[in-house]
Amino acid sequence: MLDERLRPLPRNIGGHIKRKIKPRILRRIILRGVLFILLPVTIILGGLYIMVHKNAYEVYASDELAGIIRLTDEISLDIVINDLKKKLGDNGAEIKLVEEISLKPVSVGNNRISEYDEVMASLTEKIDYQIKAVAFVLDKTNLAVLKDEAEAETVRTNIFQQYISDGGEVQSMEFLEEVSLEEIFTEKSSIMTMGKAFEVLTEKKARVETYIVKEKDVLSSIASNYDMTLEALLNINKDLSVDSTLYIGQAINVERVLPIMSVKTVEK
């Protein structure tokens, strides 16, 4: 007799096996196959969605990242810049940004997105800016800078008041020098208080001028006329000494202490 293990299999063994697989198990096999196919497809599609879908903005001051904010229809570059200027400006002062602000759409996890106010605070620390102000300008030099025209006019009036005699009526007042009030953009630290500006503009400084020697002039008398010591006069005239003899028409240096700006008044 043949060994039972070597007996030939029935011809319809395949159909016999199919009949032995229960429908519930078959469904599981099919479901696993579908999942095996769909899983990588889902991963690929998810990756593509992440690459295409942007949910946030990276906010830059020039090339420096200030933070990441959520991308919404209410956020735009103009809105960010206007909000930043309002935050930087004092009482509505006009602001000029020195650095460029830019927004870059990105896709990031929610844990990396910051609150809008936090990012704006970070921007104010990173950005360089200038504020609109009014300056007293002489020979293209800013002598003093005030926050606005009203303060500048107040300082100018206070300077003029020093030149009005008690009980006098003034028809007109003006600076002898070509002084003008001009709007400028400058660093906030350059803006002065009215008191400081008045102090700067009325400060007296020594100016070297040329004096033409006249008849009977001597070094000591010239020094006295300009409230100088003889030593100070000789210091700015290195070619002279105490024993020098002057001649009529000779040009020498003298020093006059004058305010930065002189005022001309015309009384009634």
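Is Lys132 buried, exposed or partly exposed? In this predicted model, Lys132 counts as partly exposed, with a relative accessibility of 27%, where buried means under 20% relative accessible area, exposed over 50%, and partly exposed in between (1.4 Å probe, protein chains only). Because the model is predicted, local features need pLDDT of at least 70 and side-chain atom pairs count only at pLDDT 80 or more, while totals for chains, interfaces and linings use all residues. Residues are numbered from 1 along each chain as its sequence is written, and side-chain values use heavy atoms, with hydrogens and water left out.

A search of the whole structure gives six salt bridges, each being a side-chain nitrogen of Lys or Arg within 4 Å of a carboxyl oxygen of Asp or Glu. One of them joins Lys132 to Glu94 at 3.3 Å, N to O. This pair links distant parts of the chain, 38 residues apart, with Lys132 in strand 5 (residues 129-138) and Glu94 in the loop between helix 3 (77-88) and strand 3 (95-97); helices (H or I, at least four residues) and strands (E, at least two) are DSSP runs, numbered from the N terminus. Glu94 is partly exposed, at 43% relative accessible area, and a network of salt bridges links Glu94, Lys132 and Glu183.

Another salt bridge connects Lys126 with Glu64, whose closest N and O atoms are 3.1 Å apart. Here too distant parts of the chain are linked, since Lys126 belongs to helix 4 (residues 116-126) and Glu64 to strand 2 (residues 64-70), 62 residues apart. Lys126 is partly exposed at 27% relative accessibility, and Glu64 is partly exposed at 41%.
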